[in-house]
Amino acid sequence: MSSTSDNEIVPSETIGLVVEAEIVPERMDDFLEMIEKNAEGSRAEAGNLRFDVIKSQDNPNKFYFYELWKNGDAVASHKKEPHFALWSEFKASGGTKSSVTNKANGVFIGN
């Protein structure tokens, strides 16, 4: 099943990303500044349905990002945005101890 209009959300076409990132403690201020810009920029994108950043209760240096995108084209477009580049540059500069991205498709999508 595929989208019949630009505004219709087809759950099976959505792309959910759950990123688990452990931040180098000395880079925490840089991270928080960067991820706020990334989240705000991502939320402004036409294909973004959700972008949340949450902090682990067990590890003050571990964060989870929950992103929901309308479809694969929206994710591809997102990866070309300057605010996405901030995350890539932060990781490349050694700001993370680890970063794992889990990718899924929607089944039941709420608002």
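I take contact to mean heavy atoms within 4.5 Å. I number residues from 1 along each chain as its sequence is written. I note that this is a predicted model, in which local features need pLDDT of at least 70, side-chain atom pairs count only at pLDDT 80 or more, and totals for chains, interfaces and linings use all residues, while side-chain values use heavy atoms, with hydrogens and water left out.

Entry one, helix α1. I read helices (H or I, at least four residues) and strands (E, at least two) as DSSP runs, numbered from the N terminus. In α1 I looked up which residues are buried (under 20% relative accessible area, with exposed over 50% and partly exposed in between, for a 1.4 Å probe and protein chains only), and found Met 28, Phe 31, Met 34, Ile 35, Asn 38, Ala 39, Gly 41 and Ser 42. They cover an arc of only 165° around the axis, which puts them on the same side of α1; the arc is that of the directions from the helix axis to the C-beta atoms. I then asked what these buried residues pack against, and the partners are β1 (15–23), β2 (48–55), β3 (62–69), α2 (72–78) and α3 (82–92).

Entry two, Asn 61. I found Asn 61 in the loop between β2 and β3, where it counts as buried because its relative accessibility is 17%. Leaving out residues up to four places away in sequence, I list Ala 21, Glu 22, Ile 23, Pro 25 and Met 28 as what Asn 61 touches. Met 28 is also one of the buried residues of α1.
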